[in-house]
Amino acid sequence: MSAKVTNEADAAGMREAGRLAASVLEMIGEYVQPGVSTDYLNDICHRFIVDELDCIPAPLNYRNSPSAPPFPRSICTSVNHVVCHGIPSDKKTLKTGDCLNIDVTVIKDGYHGDTSKMYFAGKPRVLAERLARVTQECLYRGIEAVRAGATLGDIGHAIQSHAEANHFSVVREFCGHGIGKVFHDEPQVLHYGRRGSGLTLEEGMTFTIEPMINAGSRHIKMLPDQWTVVTKDHKLSAQWEHTILVTGQGADVLTQRSEESF
Ligand code: MF3
Ligand code: CO
Ligand code: CO
């Protein structure tokens, strides 16, 4: 398969990988508390993914370019102004009011399930809560735009218009992606765009939608570790991600959690 499911075995494999990835996000929630380090959260997720789920954590030693260093942990933890690809560290201890994205990708029988959500350590500030909520709404509006016959531009437009109506901005340098036996496959799923533009969706396609939305300007900066992406203005950023399968009627959300209904 590329990022297109054409038989029942591939569909079942992607459903299972998605379900297992979602279970990691459900498991880790109670551990997100002031005083814990992001490396502690990584260790718990790593053990759960390997020992309980019998899966491979896809980020560990992952390279997105031959010249860059491999990712050194099993999950991404992106705190406050970190946009994405935050590296868990025993030096990074959560403080009351911190918000963070935990991004999990598992491989089961060769199939990838990729999903992320926002968490808060203690009680969040009003802006952090609003940014996280609007970003989740952006993901949901993107998912609602999915059906065979719609276009990638329809997804991007749905996300961008909701973010900007709330005076937030859309990160452009990172996007959703086709996913299947390959972690990051074609197509690129942009989180901005024009209705009706871009690739037409077909039944059986599997890809992620993972909007990164900033409280301030959309501009970002890469840290010298060559992974951590932060907002240029150091204002807050939020992200939510699901892996979806295109159906005739709409989207099957493969990484749906029990707290969600689609
Ligand atoms: N899970 C991320 C995504 O949504 C990719 C993380 S790559 C890593 O595509 F190496 F940083 F883990
Ligand atoms: Co992804
Ligand atoms: Co991800």
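The cobalt ion (ligand 2) is held by D114 (OD), H177 (NE2), E210 (OE) and E241 (OE), at 2.1 to 2.2 Å. The model is predicted. D114 also links this ion to the cobalt ion (ligand 3), and the two ions lie 3.4 Å apart. Ligand 1 has H177, E210 and E241 among its nearest residues.

**Metal site**

- The 6 donor atoms around the cobalt ion (ligand 2) subtend angles of 52 to 160°, so the arrangement is irregular. Six donors would count as octahedral only if opposite donors were over 155 degrees apart and all others between 65 and 115.
- The donor residues follow the sequence spacing D-x62-H-x32-E-x30-E.
- D114 sits in strand 5 (residues 111–120), while E241 sits in the loop between strand 13 (237–239) and strand 14 (242–246); the pair therefore ties together parts that are 127 residues apart in sequence.
- D114 counts as buried because its relative accessibility is 2%; buried means under 20%.
- E241 is buried as well, with a relative accessible area of 0%.

**Ligand 1**

- There are 14 residues around ligand 1. Those that come nearest are P59, H177, H184, E210 and E241.
- On the nitrogen side, a ligand 1 nitrogen atom is 3.1 Å from an N or O atom in the D103 side chain.
- An oxygen atom of ligand 1 is 3.1 Å from a side-chain N or O atom of H177.
- For H184, the distance from a side-chain N or O atom to an oxygen atom of ligand 1 is 2.7 Å.
- On its own, ligand 1 has 340 Å² of accessible area, and the protein covers 98% of this.

**Nonpolar core**

- The largest nonpolar core has 32 residues. V146, I155, L201, F207, I209 and I213 touch the most other members.
- Helix 3 (126–144), helix 4 (152–165), strand 9 (206–209) and strand 14 each supply at least two residues of this core.
- Helix 3 gives the most, with 7 residues.

**D98 and its loop**

- D98 lies in the loop between strand 3 (82–84) and strand 4 (99–108).
- D98 counts as buried because its relative accessibility is 5%.
- The D98 side chain reaches the backbone nitrogen of K95 at 2.8 Å.

Terms used:
Residues numbered from 1 in each chain as written. Chains lettered and ligands numbered in written order. Predicted model: local features only at pLDDT ≥ 70, side-chain atom pairs only at ≥ 80, totals over all residues. Heavy atoms only, no water. Donors = N, O, S within 2.8 Å, 3.2 Å for Na, K, Ca; no water. Tetrahedral: all angles 85-135°; square planar, octahedral: opposite > 155°, others 65-115°. Helix = DSSP H or I, 4+ residues; strand = E, 2+ residues; numbered from the N terminus. Buried < 20%, exposed > 50% of the residue type's maximum accessible area, 1.4 Å probe, protein only. Near = heavy atom within 4 Å. Polar contact = N/O pair within 3.5 Å; in protein donor to acceptor, adjacent residues only side chain to side chain. Areas by Shrake-Rupley, 256 points an atom, 1.4 Å probe, with all protein chains shown as cover. Core = buried A, V, L, I, M, F, W, Y, C linked by side-chain atoms within 4.5 Å.
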